[in-house]
Amino acid sequence: WRAKRMEADKEAGRILTEMEASARGPTDAEVLRVLRLWGFRRNRGRRNVMKEHEEWVYSDSLGLLRVRGYRETAIKLADGTTVSPHFVRLLHTWRNSQKGSVSFPPCTTVTVNRGFCAARHRDRGNLGPSVVMTLGEFTGGRLRVWPNDPGDCPVDDLSFHHAVLLSSPAVFDGNKAHEVEECAGGVDDRFAVVFWTSKGFCRASLAQSECLRTLGFCLPEADVFAAGDGQRRKRSIKRKARRRPQCAAVAEERADGEGDVGVAHLAEQASGGPCEADASGLAASGREAAKRSKRKKREAPPAGGASRAAEASGRHCEAD
């Protein structure tokens, strides 16, 4: 697949050179020729678009992607984005030449699919506004979307009566339920290119943003999709707020018992001080404080022990 991608990128570069010399846009035939040369990898991770009998699909994404780690989600450039610059630039040039009277939303990522009809699903890492463009020799394969999808029910419960069929190029909301209708023939030659915006794109570095711009991506402004990211941040803040009173109470109790300045500072953070307390840091500091408290209790004599010993000695003297 690497050799095929190099061949596709080389062909895309040749087409771009011809376009600049003749001051024209790419034709569908030229883009289709490059897509047929592209080396796809078997993608086993896109379970939401696979049907029951499918174990993998031909689907590659280029541009910004969210990568979920153990503690946080990072933003990175997908593998192959900078390796095939001519291929990526040709796709964006083709997209811009198809606008016409339709207004296309900005995008940070492009996904190229081949040879399958996506099952009904809702996108997970997509902020919503998307553009899909198809090429190839096939029959059917239009995009079916549910524009009034409430989003709070299983996608299989949605009725076909509320669905709309869209032809290429189509602008749709990827967070609404959508699927691809069955192809009557030639599904292996069906190519779908989807341009969309990744959640958390505003956390991309300056170098990543500049790289995407040089490749032809029309990046959104930082505040265009603020509502989508804002809702996610609000939910995260609410979850922290529910835990925060309990963390604050525990930290304050330990601070009062030991007079530990560090634990008192954590109590201030947990109650919403100048800087938020990291949950793992608070737990670790609490455990250390508890250990110190136990050591002090073991080392110190029991309270009132000396007086009880003296009283016992006096009683023995009186008995004698």
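Colleague: What does "buried" stand for here?

Modeller: Buried means under 20% relative accessible area, and exposed means over 50%. Partly exposed lies in between. Keep in mind that this is a predicted model. Now take E11. E11 has 15% relative accessibility, so E11 counts as buried.

Colleague: How much of the chain is buried?

Modeller: Buried residues make up 37% of the 320 residues in the chain. The chain exposes about 18,700 Å². Carbon and sulfur atoms supply 52% of that area.

Colleague: How many helices and strands are there?

Modeller: The chain has 8 helices and 12 strands. Start with helix α1, residues 2-22. It has 21 residues and reaches 30 Å from first C-alpha to last. That is close to the 30 Å expected at 1.5 Å a residue. Just after α1, A23 takes a positive phi of about 55 degrees.

Colleague: Which residues of α1 are buried, and what do they pack against?

Modeller: The buried ones are R5, A8, D9, E11, A12, G13, I15, L16 and M19.

Colleague: How many salt bridges does the structure hold?

Modeller: The structure holds 14. Another one pairs E30 with R24, with the closest N and O atoms 2.8 Å apart. E30 is buried, with a relative accessible area of 10%. R24 is partly exposed, at 31%.

Colleague: And where does R122 come in?

Modeller: R122 forms a salt bridge with D149, and the closest N and O atoms are 2.6 Å apart. This pair links distant parts of the chain, 27 residues apart. R122 sits in the loop between β4 (109-114) and β5, and D149 in the loop between β7 and β8. Both R122 and D149 are buried.

Colleague: What is C153 in contact with?

Modeller: Leave aside its neighbours within four places in sequence. C153 is then in contact with R122 and L158. C153 lies in the loop between β7 and β8. Its relative accessible area is 22%, and C153 is partly exposed.

Colleague: Now the strands. How do I read the two faces of a strand?

Modeller: In a regular strand the side chains alternate between the two faces of the sheet. Look at β9, residues 170-173. A170 and F172 form its covered face. V171 and D173 form the uncovered one. Strand β5 (residues 129-135) runs antiparallel to β9, and 4 bridges join them. S130 stands opposite F172.

Colleague: In what order do the strands of the open sheet come?

Modeller: The order is β8-β7-β10, with antiparallel pairing. The edge strands are β8 (164-166) and β10 (178-180), and each pairs on one side only. Neighbouring strands are turned by 30 degrees against each other on average, direction ignored. Between β7 (residues 143-145) and β8 there are 3 bridges.

Methods
Residues numbered from 1 in each chain as written. Predicted model: local features only at pLDDT ≥ 70, side-chain atom pairs only at ≥ 80, totals over all residues. Heavy atoms only, no water. Pairing = 2+ DSSP bridges. Helix = DSSP H or I, 4+ residues; strand = E, 2+ residues; numbered from the N terminus. Axes fitted to C-alpha atoms, helices over the stretch in contact; angles between N-to-C directions. Expected span 1.5 Å × (residues − 1). Buried < 20%, exposed > 50% of the residue type's maximum accessible area, 1.4 Å probe, protein only. Areas by Shrake-Rupley, 256 points an atom, 1.4 Å probe, with all protein chains shown as cover. Contact = heavy atoms within 4.5 Å. Salt bridge = Lys/Arg side-chain N within 4 Å of Asp/Glu carboxyl O.
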